[in-house]
Amino acid sequence: MFQSFPLIKDSAMFSPLWREKKQEYSRSMEMMLMLVLLCILLQLARVSSTAQATDQGFIDSNAGRTLQQEQDGNHQIHCSRERSRAAQKIIQEYLMPFVEREKYQISRSCKLHPDNNLYRDQEQHKSHININEWQCGYCKKIFYEEKNLDQHFDNRHSNLLNLNQSQCLADLCGALHCDTEINSGLKKSKCNPAAAARNKHLCESLADCCFPVNKGPAASRLHEFFLHQFCDAHSCTGSRKPFSRGRRKKTNVFYIIASILLLMLLLLYYLYIYLYQRGMNKGTQVLRRISQTGRKKKPS
């Protein structure tokens, strides 16, 4: 009579009450997992779109808009903001990592020096908040596109440009292969030997000015590097390509986000197992107490 009681305890896990509690835990955990996963995927898509839009903003310079500003009523400055931005991007990615590795200080007289960029201060006061949201750092106004913010700089903050000491970085685009960077997805145009020779001469003059070989071993190595990285490609033979020495290595944002996503899913999975087992133990204890209270006493 009493030997069947252990079977009652074991069968408690298969009772309707336990099955109902089990289904309730399963549904709640599945809903929580789905909501968390959906939030993470939406954030991942937002970061991806923002990163893509940021990268495209640096190289989209087909408009060729120029800044025209009158100074003292008789002097105008023409400087392409887009090409200056492309030149600055090339310097930062294809040159400065190697300069920093050599711990070399570029002279202020070098046209590649950061302070010689006419638009440097305005570019530093530009915030890309979202894919369609750009903010002016001077007056905090919001714009939908970067070109609108550039126009705002020209109209409202052109008086902040340092016209006395800064230079137009777009003038160096011939030496720095800006067209290759801007039109990276387009078919290469026919090479002009005269233009290639002029660009190579400009490139070599930059190497001589910025990295004089008589300024020490670091300057000598950077001089040789600059010739290989930029100058040797100014030829119509096509034997060398620009930026042959590589660029700044970028952190793989998608790999980092995917790793974080995987880690969060693992944590949620183990949390689900923990809550599932905890609910199972509580349900078993409740049913066990019910079985014990309903047990009949042995007749004397």
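Reader: What makes Arg81 and Glu123 a salt bridge?
Author: The term stands for a side-chain nitrogen of Lys or Arg within 4 Å of a carboxyl oxygen of Asp or Glu. In this pair the closest N and O atoms are 4.0 Å apart, so the pair meets the rule. Arg81 sits in helix H3 (residues 81-94) and Glu123 in helix H5 (residues 120-124), so the bridge ties together parts that are 42 residues apart in sequence. By the salt-bridge rule, the count comes to 16.

Reader: What should I know about the model before going on?
Author: This is a predicted model, in which local features need pLDDT of at least 70 and side-chain atom pairs count only at pLDDT 80 or more, while totals for chains, interfaces and linings use all residues. Residues are numbered from 1 along each chain as its sequence is written, and side-chain values use heavy atoms, with hydrogens and water left out.

Reader: How do you know whether Arg81 is buried or exposed?
Author: Buried means under 20% relative accessible area, exposed means over 50%, and partly exposed is in between, using a 1.4 Å probe and protein chains only. Arg81 has a relative accessibility of 1%, so Arg81 counts as buried.

Reader: Which parts of the chain do Asp150 and Lys126 link?
Author: Their side chains meet in a salt bridge, with 2.9 Å from N to O. Asp150 is in helix H6 (residues 146-156) and Lys126 in strand E3 (residues 126-130), which are distant parts of the chain, 24 residues apart. As for names like these, helices (H or I, at least four residues) and strands (E, at least two) are DSSP runs, numbered from the N terminus. Both Asp150 and Lys126 are buried.

Reader: How much space lies in the largest pocket?
Author: About 800 Å³. A pocket is found on a 1 Å grid over the protein atoms alone: it is an open set of points where a 1.4 Å probe fits, with protein on both sides within 12 Å along at least five of seven lines, and lining residues have an atom within 4 Å of a point. The grid points are joined across faces, edges and corners, and the volume is the space filled by probe spheres set on them.

Reader: Which residues are closest to the centre of the largest pocket?
Author: They are His177, Asp179, Thr180, Lys188 and Ser189, out of 25 lining residues. Helix H7 (173-176), helix H8 (178-182) and helix H9 (193-210) each give two or more residues to the lining. By class, the lining has eight nonpolar, ten polar and seven charged residues. Here Ala, Val, Leu, Ile, Met, Phe, Trp, Tyr, Cys and Pro count as nonpolar, Asp, Glu, Lys and Arg as charged, and the others, Gly among them, as polar.

Reader: Why is Thr180 called partly exposed?
Author: Thr180 has 41% relative accessibility, so it falls in the partly exposed range. Thr180 belongs to helix H8. His177, in the loop between H7 and H8, has a relative accessible area of 9% and is therefore buried. His177 also has a positive phi of about 65°, although it is not a glycine.

Reader: What makes the nonpolar surface patch?
Author: Leu262, Leu266, Tyr269 and Tyr270 make it, covering about 450 Å². Patch residues have over 30% relative accessible area and no salt bridge; like charges are joined within 9 Å, and nonpolar side chains (Val, Leu, Ile, Met, Phe, Trp, Tyr) within 5 Å. Accessible areas come from the Shrake-Rupley method with a 1.4 Å probe, and for residues only the protein chains shown count as cover. Tyr269 lies in helix H11 (residues 253-293). Its relative accessible area is 47%, so Tyr269 is partly exposed and passes the 30% limit for patches.
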